[in-house]
Amino acid sequence: MDIEIDLDKCQGYAQCVHEAPEIFKLNESGQAHTVAAGIANENEKYALAAVDLCPMQAISINT
Ligand code: SF4
C-alpha cells in the first residue's frame, strides 16, 4: 500500500496529520507529505480514514 498526495490539491488542512500522525506530516510550506514510503499493516486503517477525511481529495492510495 502506497500513498500519493496531490500537492496541486493539498491546502494544508492537516486532517490527515491528525488522523494518522505516523504517516503524514506537514512540510514547511504547509503541505502534507508522507513520513515513510510504505504503510505498515497496522496503520492502513488510519491511511484509509485520512483519504476520506481530506476535504480536497488530495490523497490517493495504491494497493
Ligand atoms: S487533509 Fe488533505 S488537504 Fe489537508 S493536509 Fe492532508 S492532504 Fe493536504
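Visitor: Does Met-1 count as buried, partly exposed or exposed?

Guide: Buried means under 20% relative accessible area, exposed over 50%, and partly exposed in between (1.4 Å probe, protein chains only). Met-1 has 24% relative accessibility, so Met-1 counts as partly exposed. This is a predicted model: local features need pLDDT of at least 70, side-chain atom pairs count only at pLDDT 80 or more, and totals for chains, interfaces and linings use all residues. Residues are numbered from 1 along each chain as its sequence is written, and side-chain values use heavy atoms, with hydrogens and water left out.

Visitor: Where is Met-1 placed, and which residues is Met-1 in contact with, leaving aside neighbours within four places in sequence?

Guide: Helices (H or I, at least four residues) and strands (E, at least two) are DSSP runs, numbered from the N terminus. Met-1 lies in the segment before β1 (2-5). Contact means heavy atoms within 4.5 Å. With neighbours within four places left aside, the contacts of Met-1 are Gly-38, Ile-39, Glu-44, Leu-48, Ile-61, Asn-62 and Thr-63.

Visitor: Is Asn-43 buried or exposed?

Guide: Asn-43 has a relative accessible area of 15%, so Asn-43 is buried. Asn-43 sits in the loop between β3 (32-34) and α2 (44-53). Residues up to four places away in sequence not counted, Asn-43 touches Glu-22 and Ile-23.

Visitor: How do the residues of the shell around the ligand divide?

Guide: Ala, Val, Leu, Ile, Met, Phe, Trp, Tyr, Cys and Pro count as nonpolar, Asp, Glu, Lys and Arg as charged, and the others, Gly among them, as polar. The shell holds nine nonpolar, three polar and no charged residues.
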